[in-house]
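Okay, thanks for making time.

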Amino acid sequence: EKIRIEIISLGLTESRIASDETIQQLFVECRLYNFLAEETPLSLPKPTSGQRIHYNYSNVIHVDKANNHARREYLKSMLLKPDLHTDSLRFTVVSDPPEDEQDLECEDIGFTYVSLREIFQKQRDIIEQDIDVFDSQDDSAVIGKLKVTVEALHALRSVYEECKDD
């Protein structure tokens, strides 16, 4: 009873991010609603056009009844109340300042979402899929592709069965 998230790789398109000299190292944060924020342990050098950087980072969010009641309740409410805007995993691409400029702050440069509800509705996990990353300053501009895996269907089915029993 778990949700497995894998942040595989990131590629950038020609955008302000690609040409910005101050953006050199990137890491990715993944957040599930208010519960959990995980980030790739390494920030990697910004890829050049046509290249990808590979994080190969995997994380598991446990949603078993015994130890993770709050997360389960959140998943239940998400499946039962379609008006919630919180049905997604949010991935944020973050610029990590270079070692010699530690006075600079980390800066969110892009974001993307994976809808858990959509995984449940389509009855299909997302396996090594490229998803568009949008510019955090202009959410109509695509700045790259993030390749991710989100395996949540089994856990969502289990939670849904429990909803029907309640």
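So, is F111 buried or exposed? F111 has 14% relative accessibility, so it counts as buried; the cut-offs are under 20% relative accessible area for buried, over 50% for exposed and partly exposed in between, with a 1.4 Å probe and protein chains only.

Quick housekeeping. This is a predicted model, where local features need pLDDT of at least 70, side-chain atom pairs count only at pLDDT 80 or more, and totals for chains, interfaces and linings use all residues. Residues are numbered from 1 along each chain as its sequence is written, and side-chain values use heavy atoms, with hydrogens and water left out.

Now the overall fold. We have 4 helices and 9 strands, which are DSSP runs numbered from the N terminus: H or I of at least four residues for helices, E of at least two for strands. In sequence order that reads β-α-β-β-β-β-α-β-β-α-β-β-α. Buried residues account for 48% of the 166 in the chain. As for size, the C-alpha atoms fill a box of roughly 55 × 30 × 25 Å along the principal axes.

On to the rings. Phe, Tyr and Trp rings (the six-membered one for Trp) pair if their centres lie within 6.5 Å; under 30 degrees between planes is stacked, over 60 is edge-to-face, and the rest is tilted. That gives 3 aromatic pairs. One of them is F111 with Y113, edge-to-face, at 5.8 Å centre to centre and 70° between the planes. Y113 sits at 44% relative accessibility, so this one counts as partly exposed. Then there's F120 with Y160: centres 5.0 Å apart, planes at 50°, so that pair is tilted. It links distant parts of the chain, with F120 in helix α3 (residues 116-122) and Y160 in helix α4 (residues 153-165), 40 residues apart. F120 is buried because its relative accessibility is 15%, while Y160 is partly exposed at 31%. Ring pairs also join F111, Y113 and F134 into a cluster.

Last stop, D64, in the loop between β5 (52-62) and α2 (69-80). What D64 does have is a polar side-chain atom 3.0 Å from the backbone nitrogen of N67.

Terms used: A polar contact is a pair of N or O atoms within 3.5 Å; within protein, one must be able to donate a hydrogen and the other to accept it, and residues adjacent in sequence count only if both atoms are side-chain atoms.
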